[in-house]
Amino acid sequence: LLELPIATWIDKGQKERYQAGKRSIKPKKYFGMIAEDLADAGLDLLVSKNANGEIEGIQYERIAPALIPVIRKLKKKVQQLEEKLNEQ
């Protein structure tokens, strides 16, 4: 998860409606990840799919819990390094 790229994009539909004059608000840039990248990395539990099994998006609310094991590991490593420093 930590190795996957972060992306920015402008919603295609918003952009088309703005350019056609059907939308007065300029499209904004979004920040996040690409659902296909998550699926390709074996992180299907973080991806939402439609009834046909096609990827529709990311379930961002699931990313934080997925990072808990990573944070635990980092916390343990920091504690070990602190103990090592205190021994010197």
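**Ground rules.** I am working with a predicted model, where local features need pLDDT of at least 70, side-chain atom pairs count only at pLDDT 80 or more, and totals for chains, interfaces and linings use all residues. I number residues from 1 along each chain as its sequence is written, and side-chain values use heavy atoms, with hydrogens and water left out.

**The core.** I looked up the largest nonpolar core and found 9 residues: L4, M33, A35, L38, A39, L46, V47, I58 and I63. Helix α2 (residues 35-40) gives the largest share of this core, 3 residues. A nonpolar core here is a set of buried Ala, Val, Leu, Ile, Met, Phe, Trp, Tyr and Cys residues joined through side-chain atoms within 4.5 Å. Buried means under 20% relative accessible area, exposed over 50%, and partly exposed in between (1.4 Å probe, protein chains only). Helices (H or I, at least four residues) and strands (E, at least two) are DSSP runs, numbered from the N terminus.

I then checked A35, leaving aside its neighbours within four places in sequence, and found contacts with V47, I55, G57 and I58. Contact means heavy atoms within 4.5 Å.

**The aromatic pair.** How many aromatic pairs does the structure hold? I found 1. The ring centres of W9 and Y30 are 6.2 Å apart and the planes are at 20°, so I noted the pair as stacked. The pair links distant parts of the chain, with W9 in strand β1 (residues 7-10) and Y30 in strand β2 (residues 29-32), 21 residues apart. For such pairs, rings of Phe, Tyr and Trp (its six-membered ring) need centres within 6.5 Å; planes under 30 degrees apart count as stacked, over 60 as edge-to-face and the rest as tilted. W9 is partly exposed because its relative accessibility is 31%, and Y30 is partly exposed at 27%.

**A surface patch.** W9 turned up again, this time with I34 and Y60, in a nonpolar surface patch of about 250 Å². Patch residues have over 30% relative accessible area and no salt bridge, and nonpolar side chains (Val, Leu, Ile, Met, Phe, Trp, Tyr) are joined within 5 Å, like charges within 9 Å. A salt bridge is a side-chain nitrogen of Lys or Arg within 4 Å of a carboxyl oxygen of Asp or Glu. I placed Y60 in the loop between β4 (55-58) and α3 (63-87); Y60 counts as partly exposed because its relative accessibility is 39%.

S48 and Y60 are 12 residues apart in sequence and 9.9 Å apart in space, C-alpha to C-alpha.

The C-alpha atoms of K15 and Q80 are separated by 51 Å.

**Before β1.** My last stop was L2, in the segment before β1. L2 is exposed because its relative accessible area is 60%. Beyond its neighbours within four places in sequence, L2 is in contact with L67 and V70. L2 and L67 are 65 residues apart in sequence, yet 8.7 Å apart in space, C-alpha to C-alpha.

How values were computed: Accessible areas come from the Shrake-Rupley method with a 1.4 Å probe; for residues, only the protein chains shown count as cover.
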